Amino acid sequence: MPKTKKHPKHVLEAHPHKFTKRYTLFDVVLQKEKKFLYFIAFSLIMAGAVYPYPGIAMWVGFAFAGYSAIANDSIQTIGTFIGSNEDKKWYWQWLFMGLIFIFTVAYSWVVFDGDVSYQRLATPGLDKTPTSFVYLQLASPIILLLLTRFRIPVSTTFMLLSVFSATGGTVVSMVSKSFMGYILAFVSALIIYLLLSKVIKRFIKGEAHVFWTVAQWMISGFLWYIWLAQDLANIAVYLPRQLNVYEFLAFTGFIFLGLGFLFYKKGDKIQNVINEKSEVRDVRSATIIDLVYALILYYFKEVNNIPMSTTWVFVGLLAGRELGMRLRAHDSGEKFNKTFRLIGKDILSVTIGLIISLILAIAINPVMQEEVKHFFFK
C-alpha cells in the first residue's frame with residue numbers, strides 16, 4: 001500500500017505570557033481615594049510652607065481645624081439628625097443648623113468680649129494666643145481629616161487642643177473629664193434602654209407622628225448649641241483669644257459654608273458610624289438619643305470650663321444604648337457578639353485618636369517632654 005502522507009501536527013503560535021496584575025486592598029483604597037490623598041499631600045506641603053509665618057499659619061490652621069472638626073464630629077450632633085431626615089432637603093437642614101451656629105457663636109463673642117469658645121480656652125495652658133507655630137500643630141487637623149475619611153471617630157479635643165497645651169496637667173484633666181463623660185453616658189443609656197426599651201419600642205411602631213419631627217428638630221438644635229459651646233474651642237485654638245469684627249466674620253462665614261457642604265454630602269463617610277447602629281434612622285429613636293446626649297453635655301458644660309471630648313461621650317451613649325437593647329430583648333449570642341464588636345471597634349477608634357494626639361503633643365511641647373522624662377526616669 002502506498003504510504004499516506006503525514007500532515008504535520010498543528011502547532012499553536014507562541015505568545016508571550018500575560019501576567020495578570022493582582023490588586024491588594026491597599027491598591028483598591030489608593031485608587032478609590034486618589035483625589036483625596038492628593039489633597040492631603042498638598043495640605044501637608046502647604047502646612048510646611050506657611051507654619052513659619054504666624055499671621056498666615058493661624059488662619060490656615062483654623063481652616064483645616066474647622067473643616068476636620070466639623071466633619072469628624074458630625075456623627076455626634078447632626079449624625080442622627082441627618083440619618084433620620086433623609087427625606088428632607090439638605091439645604092433646609094443646613095439653614096436650620098447654620099442659623100443656630102451663628103446665634104451661638106455670636107452670643108459668646110458678645111458676652112465674653114470677643115471670645116468665641118465660651119471661655120473653654122481660658123483653661124491654664126490654653127489661655128494664650130499662639131505667637132508661633134510648629135509644623136505638627138498645623139498637620140494635626142490634616143491627620144484628623146485623614147482618620148475621618150476612613151471612618152475613625154477620633155476625639156477632636158485631644159487631636160487639636162493637646163498640641164497647644166502647655167502642661168501635661170491640662171491634658172490629664174481633659175482625659176479625666178472625658179473618661180467620666182464616657183462612663184456617665186454609657187451607664188445612663190444602658191439604664192434608660194433596659195428600663196424603657198419596651199415603651200420606646202411601642203413609640204417607634206408604625207408611621208411617626210409629625211410631633212416627633214418637630215420635637216427632634218428642637219432637641220437636635222439644643223444639642224447642636226450645647227456641642228458648639230463645648231467644642232468651638234477646638235477650632236478657635238489657632239486664632240487670637242479675642243476676635244475683632246473682621247476676624248469674627250471670617251470665622252463664622254467659613255464654618256457656616258463648611259456646614260453647608262457637610263449637609264450636601266449627607267454627613268460623608270463618617271456618617272456610616274451612625275447608620276450601622278440599630279434604628280437610628282427612625283426619627284423617634286434619634287430624638288431619644290439626642291435628648292439624653294444633650295442633657296449629659298449640658299451637665300458637663302456647667303461643671304467647669306475644662307474642655308472635654310464630646311466624641312467619648314457620644315460613643316459611650318451609643319454603646320450603652322446598643323447593649324441595653326440587646327439585654328432587654330434577650331437576643332441570641334450572635335447578636336451580642338456583634339454588639340460587643342461594635343462597642344470594641346468604637347473604643348479602639350477613640351483610643352487610637354488619644355494615642356496619636358498624645359504623641360503629637362509630646363513631640364511638639366518641650367514642657368511635656370520634660371514631664372514625661374521626669375515621670376519615667378525620676
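Trainee: What is the relative accessible area of tryptophan 59?

Mentor: This is a predicted model, where local features need pLDDT of at least 70, side-chain atom pairs count only at pLDDT 80 or more, and totals for chains, interfaces and linings use all residues. Residues are numbered from 1 along each chain as its sequence is written, and side-chain values use heavy atoms, leaving out hydrogens and water. Buried means under 20% relative accessible area, exposed over 50%, and partly exposed in between (1.4 Å probe, protein chains only). Tryptophan 59 is partly exposed, because its value is 26%.

Trainee: Is phenylalanine 62 buried or exposed?

Mentor: Take its relative accessibility, which is 2%. Phenylalanine 62 therefore counts as buried.

Trainee: How many aromatic pairs does a search of the whole structure find?

Mentor: Rings of Phe, Tyr and Trp (its six-membered ring) pair if their centres lie within 6.5 Å. Planes under 30 degrees apart count as stacked, over 60 as edge-to-face, and the rest as tilted. Searching the whole structure gives a count of 22.

Trainee: What kind of pair do tryptophan 59 and phenylalanine 62 make?

Mentor: Their ring centres are 5.6 Å apart. The planes stand at 90 degrees, so the pair is edge-to-face.

Trainee: Which helix holds tryptophan 59 and phenylalanine 62?

Mentor: Helices are DSSP runs (H or I, at least four residues), numbered from the N terminus. The two residues sit 3 residues apart, about one turn of the helix. Both lie within residues 54–77, helix α3.

Trainee: At roughly what angle do the axes of α9 and α10 cross?

Mentor: Axes are lines fitted to C-alpha atoms, for helices over the stretch in contact, and angles run from 0 to 180 degrees between N-to-C directions. Helix α10 covers residues 245–264, and its axis comes within 14 Å of that of α9. The crossing angle is roughly 120 degrees.

Trainee: Which residues of α10 make the contact with α9?

Mentor: Contact means heavy atoms within 4.5 Å. On α9, the contact uses Trp224, Leu232, Ile235 and Ala236. On α10, the residues are Phe251, Ile255 and Leu259.
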